[in-house]
Amino acid sequence: MKSKITIIGAGNVGTHLAQRLYKCGHQICQIFSRTPSKATALANRVNSQGINQLKELSLDADIYILAIKDDATKTIAEEVSFLNKYQKIIAHTSGSVPSTVFKNHFEHYGVFYPLQTFSSAQTVDFEQLPFCIYGNSPQTQTILKKLAESICPNVYLINDEQRAILHVTAVIVNNFSNYLYHIAHDICTDNKVSFDILKPLIQETVRKISLASPKEVQTGPAVRGDANTIARHLAFLAQYPEYQKLYKILSSNIEQQFNKDS
């Protein structure tokens, strides 16, 4: 099934999504961004038309995908509500915004959520990422599911409540873990130690959780109850008060969890 699609948003998600859809044979009718240069640049890559005014949206597309900031979704949905009288499907790519943001404006709506971290300079492997789909009716859900399956083999039907849970946990495993890498990088840099030395450990940690549950492979001084090591670490981290506070919280949580289960 080849679809006609308009992408509203030319940021990281909109850029990768438009290029993947185009590569898989779908027609990208228009690219919208309030920054004309962004709309034009992305449109040129996918043989499309770049626009920077929502009133310039054409009726050529069958599906309109909002790849924008979460807090702009409600406003944009209202601005493009004129599409409803033409029976168009609208969907957003957010992990946290409920699909009901469209309820008062559209008859056919849903969610088209690729659960992955997107950066402008990094290639995204659509063969590996999970795609979470929801449609407010069986017909809409089938259309969005088929569209997702045409660009990604890992498609899941996920309702608003399930997606909200996934988004919370995605922040924990991605944003929070990356912040911990940032802390480690800062400490290494300050003390003239190469952060690269830690990269094999990071990779091995990720590999382990593909083979067992995170709880089963948890290691470290907090699990062992190694108070002397923890005390030495905290003494060193006294020069980084915020990092020391975080180390205390995490170590305490790990100790409590494993003591409770022992």
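Visitor: What should I know about the model before I start?

Guide: It is predicted: local features need pLDDT of at least 70, side-chain atom pairs count only at pLDDT 80 or more, and totals for chains, interfaces and linings use all residues. Residues are numbered from 1 along each chain as its sequence is written, and side-chain values use heavy atoms, with hydrogens and water left out.

Visitor: How many helices and strands does the protein chain have?

Guide: Both are DSSP runs, numbered from the N terminus: helices are H or I with at least four residues, strands are E with at least two. Here the count is 9 helices and 8 strands. The C-alpha trace spans about 70 × 40 × 30 Å along its principal axes.

Visitor: What share of the residues is buried?

Guide: Buried means under 20% relative accessible area, exposed means over 50%, and partly exposed lies in between (1.4 Å probe, protein chains only). Of the 262 residues in the protein chain, 38% are buried.

Visitor: How do I read the contacts in the protein chain?

Guide: A contact means heavy atoms within 4.5 Å. Take the contacts with a separation of 6 or more: 56% of them join residues 24 or more positions apart.

Visitor: Which strands pair with S7, and in what sense?

Guide: Two strands pair if DSSP finds at least two bridges between them. Strand S6 (residues 109-114) pairs with S7 in the antiparallel sense, over 5 bridges. Phe112 stands opposite Ile133 in S7. Strand S8 (residues 155-157) pairs with S7 in the parallel sense, over 3 bridges. There, Cys132 has Tyr156 in S8 as its bridge partner. As background, side chains in a regular strand alternate between the two faces of the sheet.

Visitor: What handedness does the β-α-β unit of S7, helix H4 and S8 have?

Guide: Point the strands away from you. A crossover is right-handed if the path from the first strand over the helix to the second runs clockwise. S7, helix H4 (residues 138-149) and S8 make a right-handed unit.

Visitor: Where is Asn52, and what does it touch?

Guide: Asn52 sits in the loop between strand S3 (49-51) and strand S4 (63-66). Its relative accessibility is 24%, so Asn52 counts as partly exposed. Leaving out residues up to four places away in sequence, Asn52 touches Phe32, Ser33, Arg34 and Pro36. Asn52 and Gly220 are 168 residues apart in sequence and 52 Å apart in space, C-alpha to C-alpha.
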